[in-house]
Amino acid sequence: MFVTFVLFFLSAGAIYASCEYFVNGIEWLGRRLNLGATAIGSVLAAFGTALPECAVTLMAVAFGSTPEQRDLGVGAAMGGPLVLATLAYAVVGLTLLANRKRLGRGHRQTQADHVRLSRDQAAFFGVFALKVALGLFAFTIKPWLGLVFLAAYAAYVWRETRDAETAEDEEALEPLKIRPSADESSLGWPLLQTLLALIAIGLASHTFVAQLEAIGLAIGWPAHLTALLLSPVATELPEIMNALIWVRQGKERLALANISGAMMIQATIPSALGLFFTPWLLDASLLAAGAVTALAIAILWFNFRRGAVDGRALVAVGGLYGVFALLIAGGF
């Protein structure tokens with residue numbers, strides 16, 4: 001168990017360090033592609049950091065040899081949005097409050113495109129509601145509806161890139177870490193740094209998930225609890241680390257866009273995989289996860305809709321994850 005805890009903390013540190021390189025590289029890559037902060041966070045960064053959890057779901061539902069293994073994939077597909085809608089936003093709020101004075105902020109409000117974020121929450125809510133509703137019924141053509149979710153994500157990416165503000169409107173970037181003196185017109189170096197960081201994030205995340213699952217087994221948790229409560233925290237750790245880094249830099253626009261984009265991926269691609277390869281029928285614990293996620297999204301939508309979001313409100317939304325954990329651990 002000592003080795004497990006050592007690997008647990010080492011892999012978490014490796015994820016954070018890799019995310020430092022990733023967010024720096026993805027900002028430069030977005031600048032070279034003439035994308036603004038919102039599109040960089042919601043499309044480029046979200047797609048890159050969502051790869052580990054999509055891979056976890058794919059391996060579980062498509063190549064799992066037992067019903068229990070496929071159930072783990074379904075649990076991850078439902079647990080991911082829950083973690084993002086609660087803990088990830090709470091990290092943004094906590095980091096903003098902790099660094100407010102250092103950043104020279106005279107208020108606790110987030111600086112972001114609140115209209116766009118409220119629109120994203122509404123879109124996510126619609127897709128997520130369909131995802132949960134399909135888990136209540138069994139019918140012949142259900143697997144084909146996975147194509148609807150893939151089309152929904154394609155439409156989201158098209159809208160984000162079409163409506164993106166230009167990169168010239170954003171703040172100055174820090175030098176590229178892998179080659180600080182690189183030519184600003186170059187695309188190759190930012191791309192190389194981003195890809196290397198993604199590989200490091202993937203390897204470290206794999207180790208982190210394995211140690212977290214080992215801890216779950218050591219404390220006697222069944223597989224479905226690990227899938228719902230522990231594994232999603234591990235697979236969403238890159239988004240959480242990105243949020244921590246960007247907010248500390250005063251770039252919560254990027255952090256919030258990254259979480260919003262990752263949520264849309266989680267509502268569509270893993271759902272499509274689940275529909276393709278499993279019956280996609282949700283039990284009571286999964287439905288509870290869906291209900292808590294929907295409540296969190298409704299609260300976030302209301303706050304973003306007002307056009308001013310206090311960091312304390314984001315922290316409060318994170319408390320819903322604790323409520324869910326208590327319900328599930330208590331045998332709900």
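**A guided tour of the predicted model**

Begin with the residues that UniProt, in an unreviewed entry, annotates as "transmembrane region": 33-62, 74-98, 123-156, 187-208, 255-278, 284-302 and 314-331. UniProt positions follow the numbering used here, feature names are shortened, and annotations may be inferred rather than shown by experiment. This is a predicted model, in which local features need pLDDT of at least 70, side-chain atom pairs count only at pLDDT 80 or more, and totals for chains, interfaces and linings use all residues. Residues are numbered from 1 along each chain as its sequence is written, and side-chain values use heavy atoms, without hydrogens and water.

Select 255-278: this span is 96% helix and 0% strand, with its end C-alpha atoms 33 Å apart. Then select 123-156, where the end C-alpha atoms lie 9 Å apart and the content is 68% helix and 0% strand. Helices (H or I, at least four residues) and strands (E, at least two) are DSSP runs, numbered from the N terminus.

Next, display Lys251 and Glu27, which form a salt bridge with the closest N and O atoms 2.8 Å apart. Lys251 lies in the loop between helix 8 (237-248) and helix 9, and Glu27 in helix 1 (residues 2-32), so the pair ties together parts 224 residues apart in sequence. The model has 5 salt bridges (a side-chain nitrogen of Lys or Arg within 4 Å of a carboxyl oxygen of Asp or Glu).

A cavity is a set of points on a 1 Å grid over the protein atoms alone where a 1.4 Å probe fits but cannot get out, and lining residues have an atom within 4 Å of a point. Grid points are joined across faces, edges and corners, and a volume is the space filled by probe spheres set on the points. The volume of this second largest cavity is about 50 Å³, and the model holds 4 cavities of 30 Å³ or more.

How values were computed:
1 Å grid on protein atoms, 1.4 Å probe; cavity = no way out; pocket = protein on both sides within 12 Å on 5 of 7 lines; lining within 4 Å.
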